[in-house]
Amino acid sequence: MADDSPPERRDWDDALGFTSLSRVRLDTLLQELLDRVGEVTATQERLRALLDAVVDLSTDLDLDRVLSRITVAACELAGARYGAVGVMGQGDMLAQFITHGIDDDNRSRIGPPPRGHGVLGLLIAEPHPIRLPHIGDHPQSYGFPSNHPPMDSFLGVPIRVHDRVYGNLYLSEKIDGDEFTEQDEQIVVALAAAAGVAIDNARLYELTERRRQWLQATTEISHVLLGRVDREEALQLIARKTREVSACDVAAVLLEDDGSDLVIEVVDGDDMDSAVGLRMPIRDDGLLSGVLRHGYPIVVDDLAEEAKNGNTDLPSEVVDDLAYTLLVPLSAPDGGSGVLLVSLARDSQRPEGFFDVELIATFANQTALALERVRAQEDRALVAVLEDRDRIARDLHDLVIQRLFATGLQLQSMSRLAKRPEIQERITALTDDLDTTIRDIRATIFELQFRPDRNDVRADIRGLAKEYVSTFGFAPRVDLRGPVDSAIPSVVRPQLMAVIREALSNAARHAKASAVEVSVTVAGRELLSVVTDNGIGIGEIRRESGLRNIRERARHLGGSFALRSNDPQGTIVEWRVPLE
């Protein structure tokens with residue numbers, strides 16, 4: 001074969017003694033050397049990219065952002081079109097699924113995220129790296145749901161936090177090759193190890209932040225309750241703060257009443273508004289009785305299911321949409337007790353660390369002490385009112401009645417001296433008026449005197465609202481403001497109760513409402529009663545016998561009555577009278 005190399009090359013070859021065969025080998029060796037140099041350079045670039053990704057993960061302390069960054073970094077390092085991180089939940093199932101490569105619209109069309117079946121479950125059953133050239137060829141492949149993008153090659157790697165599998169990293173569709181390589185696997189395994197450290201740091205930071213938030217909530221409640229606050233406002237504050245800090249869907253406060261029933265006092269959240277005021281007998285075998293009797297928190301994975309099976313005191317129709325739930329005792333030094341309920345709805349994703357039982361229990365203990373202080377304030381206020389009533393009653397009896405009685409006797413004596421009949425009739429009429437006044441004052445004294453079996457105005461209004469629970473299917477909300485017990489005179493009290501009863505009856509018969517509120521406010525020398533519903537509205541009024549009675553009661557007391565539409569729907573019944 002002729003040597004077609006240049007003359008200069010042939011001269012050098014001859015001088016060095018190379019043959020054609022040795023030149024071919026040299027070219028091959030040079031090419032292999034160049035290829036290896038290129039591989040080393042590519043490897044160095046991937047290692048540099050891995051180091052950059054690890055540094056990037058270590059700079060973020062938000063867990064959701066860390067999980068998203070892990071997914072994106074894995075796709076970039078391994079050259080994958082699609083990636084996801086699945087976080088382990090209860091029962092070896094995926095509780096959270098963060099994706100990359102699929103936009104929000106396509107993700108919503110695909111449907112609910114996977115729970116860990118099929119090929120994804122391989123890593124859950126055996127947490128070791130898995131590489132598959134074709135997902136569909138594996139025996140455990142279930143296929144993909146409709147609207148899911150096609151995926152073929154697959155790489156899965158577990159993510160461990162302190163030797164416990166926290167979740168799995170899934171990659172699919174190698175962009176520049178048919179399948180993922182061993183080097184891809186090694187790179188992703190190294191990233192997963194760094195991801196475990198970053199996740200642990202983010203979780204520790206979140207735990208510290210949650211502890212700070214619970215401490216801040218406890219401090220805020222303590223500061224608020226150091227001042228003058230009403231019991232219902234205190235309970236509302238506790239429920240609201242519990243829901244905000246725990247990121248739950250429903251927070252409720254249940255308090256023991258007479259040692260035999262639990263009453264749902266307040267609820268923060270839309271799922272159990274209709275349960276306010278509901279009374280439940282404390283069963284010996286119920287979850288709530290266990291919390292009250294033993295004084296320790298109870299975690300329930302599915303409260304609705306427990307209620308359906310009859311394992312809890314709460315009726316199933318009240319909690320039919322609640323799943324993860326924490327029941328924490330509220331124990332007061334005087335022996336009074338209750339339960340703080342913290343719950344997630346069935347369709348909600350449980351936040352990381354939702355059941356910080358110790359933190360919530362500490363918060364509940366502090367709030368129980370704060371509630372005890374509010375109760376002591378109310379008791380002192382009640383004692384002051386009762387002492388004032390006793391003083392007024394004594395003054396009326398010892399001073400006013402005696403003077404009126406003496407005046408009546410003097411008038412009777414004068415009537416015998418009067419010779420003109422019209423003067424005698426006038427004196428007799430005045431004497432009768434004095435007798436009537438004395439009877440009214442004695443009735444007032446009787447009302448002022450404290451009797452253990454007599455309910456106050458607040459209790460009467462709440463009791464009236466509870467009478468309509470079975471009619472409405474829910475408990476009307478009651479909001480009482482001002483000195484309702486002491487400022488409303490006995491002549492106004494029965495009128496007020498009749499007005500509230502009539503308004504509730506009208507709402508029950510005609511409104512078709514899902515929420516009703518009774519508000520009674522005493523401000524200055526005026527009483528304002530407002531009954532609001534979110535029903536179908538006023539509409540055409542064919543008969544107004546009930547409304548006419550409300551209007552007449554207001555007119556008789558020198559007050560006013562108004563009926564108007566509620567915004568955006570419903571009716572407002574407003575009754576306003578002076579307290580002179």
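Modeller: Let's start at Val85, which stands opposite Ile98 in strand S2. Strands here are DSSP runs of E, at least two residues, and helices are runs of H or I, at least four residues, both numbered from the N terminus. This is a predicted model, where local features need pLDDT of at least 70 and side-chain atom pairs count only at pLDDT 80 or more, while totals for chains, interfaces and linings use all residues. Residues are numbered from 1 along each chain as its sequence is written, and side-chain values use heavy atoms, with hydrogens and water left out.

Back to the strands: S1 (residues 80-88) and S2 (residues 94-100) run antiparallel, joined by six bridges. Two strands pair if DSSP finds at least two bridges between them. S1 is also joined to S5 (residues 164-174), again antiparallel, by seven bridges, and there Val85 has Leu169 as its bridge partner. Eight of the nine residues of S1 are buried, so the strand is largely enclosed by the rest of the structure. Buried means under 20% relative accessible area, exposed over 50%, and partly exposed in between (1.4 Å probe, protein chains only).

What about cysteines? Cys75 is buried at 3% relative accessible area, and Cys248 counts as buried at 6%. The structure holds zero disulfides, a disulfide being a pair of cysteine sulfur atoms within 2.5 Å.

Now for the packing. A nonpolar core is a set of buried Ala, Val, Leu, Ile, Met, Phe, Trp, Tyr and Cys residues joined through side-chain atoms within 4.5 Å. The largest one has 37 residues, and Ile461, Leu504, Leu527 and Trp575 have the most contacts inside it. Helix H15 gives this core its largest share, eight residues. Apart from it lies another core, of 32 residues, including Val161 and Leu171.

Trp575 is worth a click: leaving aside neighbours within four places in sequence, its contacts (heavy atoms within 4.5 Å) include Leu496, Val499 and Leu527.

Finally, look along H15 itself (residues 493-511). Its 19 residues should span 27 Å at 1.5 Å a residue, and its end C-alpha atoms are 26 Å apart, which agrees; the expected span is 1.5 Å times one less than the number of residues. Among the buried residues of H15 are Leu496, Val499, Ile500, Ala503 and Leu504. An α-helix has 3.6 residues a turn, so residues three or four places apart point the same way. After H15 comes Lys512, whose phi is positive, near 55°.
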